[in-house]
Structures are given as structure tokens and as C-alpha cells.
Amino acid sequence: MTHAEAAVSSPAADDGAPTPSSSAPPIMKATDLTVEYVVRGRKAGKRTVSAVDHIDLEVRPGETLGLVGESGCGKTTTGRALLGRVPLASGRIEFDGTDITRYSKRQWRELHRDVQLIFQDPYASLNPRLTVREIIGEPLKLHGVARKGEPLRQAVDELLDMVRLPRAAAERYPHAFSGGQRQRIVIARALALRPRFVVADEPVSALDVSIQAQVIGLLQDLQRELGLSYLFIAHNLAVVKHIADRVAVMYLGHIVELADKVSLYRQPLHPYTQALLSAAPIPDPTVQRPERVILRGDPPSPIAPPSGCRFHTRCPLAIERCSVETPPLLEVAPGHRTACWVVQETAVPLPSAGAPA
Amino acid sequence: MTERLLEIENLCVAFPTRSGPVYGVKGVTMNVARQERLGVVGESGSGKSVTALAAMGLVQSPGRVVGGTVKWRGRSMFDKAEAADIRGRDVAMIFQDAMVSLNPLMTVERQIGEVLMKRRGYSKTHARRRAIELLEMVGIPFPAERLKQMPYEFSGGMRQRVMIAVALASEPELLIADEPTTALDVTIQAQILELIRELSDHLGVAVMMITHDLGVVAEFCDRVQVMYGGRVVERAPVEPLFAAPYHPYSAGLVASSPRVDVVRDRLTSIAGDPPAHADAVPGCPFNPRCPEANDRCRVEAPPLLELQDRRWAACWRRAEEYGLAERSHGLDETAEVAT
């Protein structure tokens with residue numbers, strides 16, 4: 001990476017960002033997306049919390065966009081908003097070029113052929129009273145793809161093949177399966193209608209390490225076979241590294257960094273991304289790490305987010321401006337955007353592990 | 001490193017089920033030396049938490065210790081009175097979820113004070129002063145004010161610190177930490193791990209770190225026991241374990257761990273699923289998933305053998321390579337069940 005000319009583009013007008021594979025129009029695009037929750041406190045009364053605060057996001061056909069952040073950062077809410085599961089306070093969502101922001105319930109139901117969700121917990125998301133055949137067959141029946149008899153039987157068998165489960169699994173109940181197998185059932189159900197865009201909300205976080213790798217490998221295979229696009233939500237940067245093409249990092253409702261995988265991991269620019277990377281334990285005792293960036297304190301409550309840059313209260317680099325003005329998400333190197341005054345003002349990428357401890 | 005604090009020998013813990021007893025842990029042997037940091041790594045159902053609870057003499061009914069011994073400096077942890085005495089003073093335990101070990105209806109001051117007064121004979125005023133010191137030591141800001149609060153008034157990371165303060169109040173020699181960072185956010189995980197590291201350095205406390213995360217093992221531990229299907233399958237100092245794992249399961253675990261510092265397009269995975277309990281699979285518990293398994297592996301469970309200095313593995317294939325397979329016998333299943 002050479003000297004980054006801070007290509008100043010307004011954060012809202014992010015069309016045509018000069019990234020390598022941006023030629024294809026996005027399959028899912030959110031502009032100025034805001035989701036608010038109403039919180040009723042005993043003392044403070046009614047307040048609104050913006051769980052997602054004016055973010056822009058796009059997922060391109062066939063790519064995996066990783067969305068990473070810690071609890072309460074708004075990553076799950078973002079994923080749900082893209083699937084019409086939470087009302088928007090503002091913003092616009094387009095699927096494959098069509099504005100779906102104001103879709104009715106009926107329209108959303110129809111759209112669920114194309115956009116689907118994979119849940120985190122394979123124990124909670126499967127009805128224990130239904131057989132695997134009923135679980136996987138349900139969306140097929142609801143959407144009239146295969147209503148009963150031989151076509152339905154065959155469709156379910158094919159879905160089981162697709163997620164590498166034995167066909168005999170169909171007649172059994174969820175309790176008979178391990179966590180990894182259950183997640184395959186969840187995936188088969190999500191893919192039953194052959195969607196084009198899938199939000200995978202921490203799909204492997206509840207699984208054992210050796211099983212995580214299997215499920216991620218399966219998601220990668222299916223992406224290639226079916227041409228899927230994923231929004232892959234995770235709470236740390238390790239798993240995402242192995243599946244995402246681009247990665248967005250969220251902190252308290254804002255996207256603070258967005259870049260292709262290689263530059264994000266090689267040269268993280270935002271101090272929060274640097275801290276996240278630095279905090280991840282590396283399973284190799286011989287790795288010599290630069291001085292660790294250990295953040296002090298807890299993330300502030302989303303109910304009363306700090307002024308200016310929401311990260312400034314924990315940021316080792318914060319300057320005065322950070323507590324006053326919110327930095328926009330700007331492109332500081334080709335395909336690499338960050339929302340940080342310090343980075344933008346110096347316009348020279350910082351060393352990858354932010355030396356100040 | 002020679003002075004042994006905790007010695008677990010041939011531990012077997014069984015749980016009754018409708019179809020007979022099921023073993024959570026079968027023939028586990030391990031020990032912790034003074035000031036050592038031992039990692040116990042394994043996936044769910046590997047028996048790592050059951051081992052830890054048995055080490056504290058805390059196996060919950062209907063689970064039952066059906067064989068083996070656990071000794072703290074030679075005293076049996078299976079003697080209820082001894083165990084109660086040792087637990088409060090010499091060994092302390094912290095958990096994944098602090099709310100499991102903290103009393104939700106008691107102020108932090110009372111919880112720490114209770115330990116100090118009962119176990120260390122502090123007076124009430126002295127206990128308060130010490131409690132403030134402890135909270136300060138675990139990095140809680142405004143310790144005097146926070147002492148008066150209830151556990152729910154603390155954030156997840158802070159609550160974890162409170163639990164550590166309670167655990168350290170009795171000045172234990174060994175801290176058993178069962179997945180202490182698993183439920184926390186990444187940046188908070190790093191804080192808590194750093195805190196445990198500092199405390200064990202400064203206070204000379206030995207730590208038995210139970211985790212599913214090889215990253216935690218690599219960054220924290222001196223020595224590691226890898227558990228699978230209710231047994232220890234490998235035991236080694238940390239560096240050689242990562243450099244050249246002996247057991248195929250350890251090798252698979254190292255290869256499948258995601259890491260932020262290496263670009264790999266695809267993670268290696270281990271085919272199949274872990275067994276539900278120790279007797280779910282005849283022979284070596286790993287054999288159905290093992291790329292190297294042969295006929296003997298499918299019938300006889302391999303014993304944990306020392307193949308090289310301080311390098312132990314329970315694997316027939318490694319034993320063959322070191323010329324130990326011929327002379328060794330498989331684990332005698334019936335003898336263990338009888339105890």
C-alpha cells in the first residue's frame with residue numbers, strides 16, 4: 001500500500017467505490033440504515049436507542065461480507081433489518097436493484113424465497129416435535145414448491161444430500177443429532193427455497209472447534225455450487241478471516257472500518273479493529289506479537305453512546321476532535337474505508353499494531 | 001516444578017441413565033505442580049469440566065465418582081470434611097458464568113468478607129480494607145463504592161473480576177478456571193486473561209485452565225492435557241504440542257483452529273462428530289474420525305504412554321512408531337467398571 005490519497009467522498013454517496021470486484025451491482029444494498037429501539041426506564045422514562053445508526057452496506061453477488069463486532073454493536077440488528085424483520089427508523093434497502101424498504105408483509109413473505117437467515121443456535125432454532133423431513137419440508141410446502149408426496153420427499157432428500165447428511169436422517173427428530181448435524185439441518189431449511197442472499201448470524205459460534213471448520217467448509221462449498229451471497233455475522237475476527245471476501249467492523253451502531261479481507265487483516269486502520277485483532281488469542285506459542293493493544297474498560301451502553309466518535313472513550317489515539325464530531329466512513333486507501341479522524345487527518349496508514357499501549 | 005499440589009489418578013465419573021451408567025470421564029490421570037499453569041483442552045463432552053469438578057470434590061448427583069483418587073498434597077478430595085476445608089482455603093474455582101458462583105442477593109462486600117472472615121480469620125473492619133485491596137487488585141475502579149453493590153450491577157467483564165477477587169480472597173495455591181473468558185467479548189477476554197496471568201505471576205498461584213480454545217492454551221499455559229471422549233489423549237509442554245502434536249486429534253484441533261494471523265482460504269476440519277460419552281465408541285474414542293486408525297484402534301483403547309521425555313500420547317499408531325505398541329496392553333475396561 002502506498003501513500004493513501006484520502007479520496008474524499010461523502011459517506012452517503014458510496015456508489016462506484018473503486019474496489020477490485022465492484023463492477024457487478026450489489027445484490028443487497030442498504031443506504032443510511034437506522035434502526036431504533038424504544039427503551040422504557042424507570043427513572044429516565046421513554047428513550048430511543050439507535051442500535052444501528054445511519055450505516056451504508058452492500059453485498060455483491062457471490063461474495064461474503066463479514067460483519068464483525070462485540071455484543072450490543074448492532075450487527076444482528078443490521079442482519080435482521082436487511083431481512084425485513086425489524087422496522088427501520090430511516091434508510092433504504094434494495095435487493096437486486098429493487099427498493100424493498102416499504103415492502104408489505106405479503107411482499108416480504110414472497111421475498112423470503114430469495115433472502116434467508118441462518119441462526120446461531122442450532123438447539124433453539126429447530127422445533128423438537130417435528131422430524132427433520134417436516135422441518136426441511138416446511139418452507140417448500142408454505143411456498144408451494146413441493147406440497148406433498150413424492151416431489152416433497154425427493155426435494156427433502158436432495159437438500160439432505162446437499163448438506164451432506166444421510167437421507168435416513170429425515171425420519172428422525174432434532175434431539176438425535178449433534179450440534180454440527182443440527183446446524184446442517186438449519187442450513188438445509190434455509191436453502192430449501194434456493195435463496196440468493198443469506199444472512200448467517202454467528203452460524204458456528206455455538207459449535208466445537210473441529211465442527212466449526214466443517215460447517216464453514218460446507219457454507220463455502222454451497223456458496224460456490226449455488227452462487228450464494230452471504231452476510232456473515234461474527235463476534236470476532238478469527239472465523240470471518242476464513243470465509244469473508246470483505247469485512248465490516250461495527251462498534252456501537254456504527255461501521256468503523258470496511259475493507260477487503262487482505263488489507264483489513266494486513267493493515268487494520270481503525271484503532272478498534274487493531275484492538276480486536278490484537279485481542280484474539282493466536283493458537284501458536286511461537287508467534288511473536290507486537291505489544292498488545294488491550295482496551296481499557298467496557299463498551300459504553302448503547303442507550304447513552306458517547307458523543308463524537310463512539311469509540312473515543314476507549315481509544316488509545318483519541319484527539320479532541322473525536323469527542324465532538326463523528327468521523328464519516330471515508331476511503332483512505334483503495335477499497336479501504338475507515339471512520340477515524342486520526343487516520344483521516346494523517347492520511348498515512350498507521351503501523352498495524354498501534355504501538356501506544 | 002516438582003512439588004505436586006493436585007494429583008488426579010485414574011479418575012472415573014459415571015452418570016446413571018436408563019440404559020445403564022455412562023462415563024463422563026474414564027481413567028483420567030493428571031497433576032498440577034506448584035506455580036504451574038496447566039491447560040486442559042477439549043471440546044464439549046470431552047470430560048474437562050467433569051474432571052475439574054471432581055478435582056474440587058464437587059461432582060453433582062446423579063453423577064458419581066466410581067473410581068480413582070484425587071489428592072491435594074496427599075489429602076483425599078473425596079473425604080467431604082477434608083474437601084470442604086481444602087476448597088475454601090487452598091483451591092479456588094472460577095467459572096464461565098460469574099452468576100453461577102456469585103450470590104445474586106448479597107453485596108460484593110459480604111461475599112468477599114465471608115471468605116476473609118471464615119477462612120482467614122479477618123475481623124470485619126480488616127476484612128473491608130482487604131476487600132477493597134482485592135477489588136483494586138483485579139482492576140475494578142472505585143473499589144470502595146463498588147463494594148456495596150450487588151453482582152447484577154456489574155458488567156460481564158467486571159463481574160468476572162469480582163468472581164476472581166472472591167476466589168483469591170482465601171489466598172489459594174491453585175486456581176481452577178473453567179472457561180473463564182468464553183462468555184465474554186473478545187476485547188474483554190483479553191483483559192481477563194491478562195489479569196489472571198498477572199495475578200498468577202505476582203501471587204505465585206498455580207492455574208488449571210480449562211478451555212476449548214487453543215489460543216488461550218498457547219498464550220497462557222506451560223503444559224497441556226488434551227482430552228477427548230472422557231480420556232486424556234495427549235500430555236505435553238505447550239510448545240512441542242503445537243509444533244508437533246502426537247495424537248491425531250490434537251493435530252486436527254491445531255489445524256482446525258481459526259486464527260487471525262494466517263491467511264488460509266479453507267480451514268482443515270476433522271470429519272465426523274465427537275462421541276457423546278466415554279463408552280460411545282469401542283476402542284480408541286477417536287478412531288471413527290481418525291485418518292490413521294487401524295484394526296487395533298477399533299477394538300482396544302490405547303493407554304497414555306510416555307513416548308519421549310514429557311511427551312505422552314494415547315495412540316496405538318504413535319506407540320508403534322516408538323516401539324511401544326507390542327509391549328503395551330489396551331485399557332482393561334471391565335476392571336475399571338468394577339471399582
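These legends accompany close-up views of a predicted model.

**View 1. The open sheet of chain A.** Four strands of chain A form an open sheet in the order β2-β1-β4-β5. The pairing is antiparallel. Strands β2 (45-59) and β5 (98-99) of chain A stand at the edges. Each has a single partner strand, so one side of each is left without a neighbour in the sheet.

**View 2. The pairing of β1 and β2 in chain A.** Strand β1 of chain A covers residues 28-41. β1(A) pairs with β2(A) over 11 bridges, in the antiparallel sense. Within this view, A:Val35 stands opposite A:Val52, a residue of β2(A). Strands of a sheet pair through backbone hydrogen bonds.

**View 3. The side of chain A that touches chain B.** Here 37 residues of chain A are in contact with 40 residues of chain B. Four helices of chain A each give two or more residues to this side: α5 (179-191), α6 (209-226), α7 (237-241) and α9 (271-279). The largest share comes from α6(A), with eight residues. By class, this side of chain A has 20 nonpolar, 12 polar and five charged residues.

**View 4. Model confidence along chain A.** The average pLDDT of chain A is 87. A score of at least 70 is reached by 90% of the residues. Over residues 1-21 of chain A, pLDDT stays under 50. The model has 34 contacts beyond four places in sequence for residues 1-21. Residues 350-357 of chain A also stay under 50 in pLDDT. For residues 350-357, the model has 19 such contacts beyond four places in sequence.

Methods: Residues are numbered from 1 along each chain as its sequence is written. Chains are lettered from A and ligands numbered from 1 in the order in which they are written. This is a predicted model: local features need pLDDT of at least 70, side-chain atom pairs count only at pLDDT 80 or more; totals for chains, interfaces and linings use all residues. Two strands pair if DSSP finds at least two bridges between them. Two residues are in contact if their C-beta atoms, placed from the backbone, lie within 7 Å. Ala, Val, Leu, Ile, Met, Phe, Trp, Tyr, Cys and Pro count as nonpolar, Asp, Glu, Lys and Arg as charged, and the others, Gly among them, as polar. pLDDT is the predictor's confidence in each residue, from 0 to 100.
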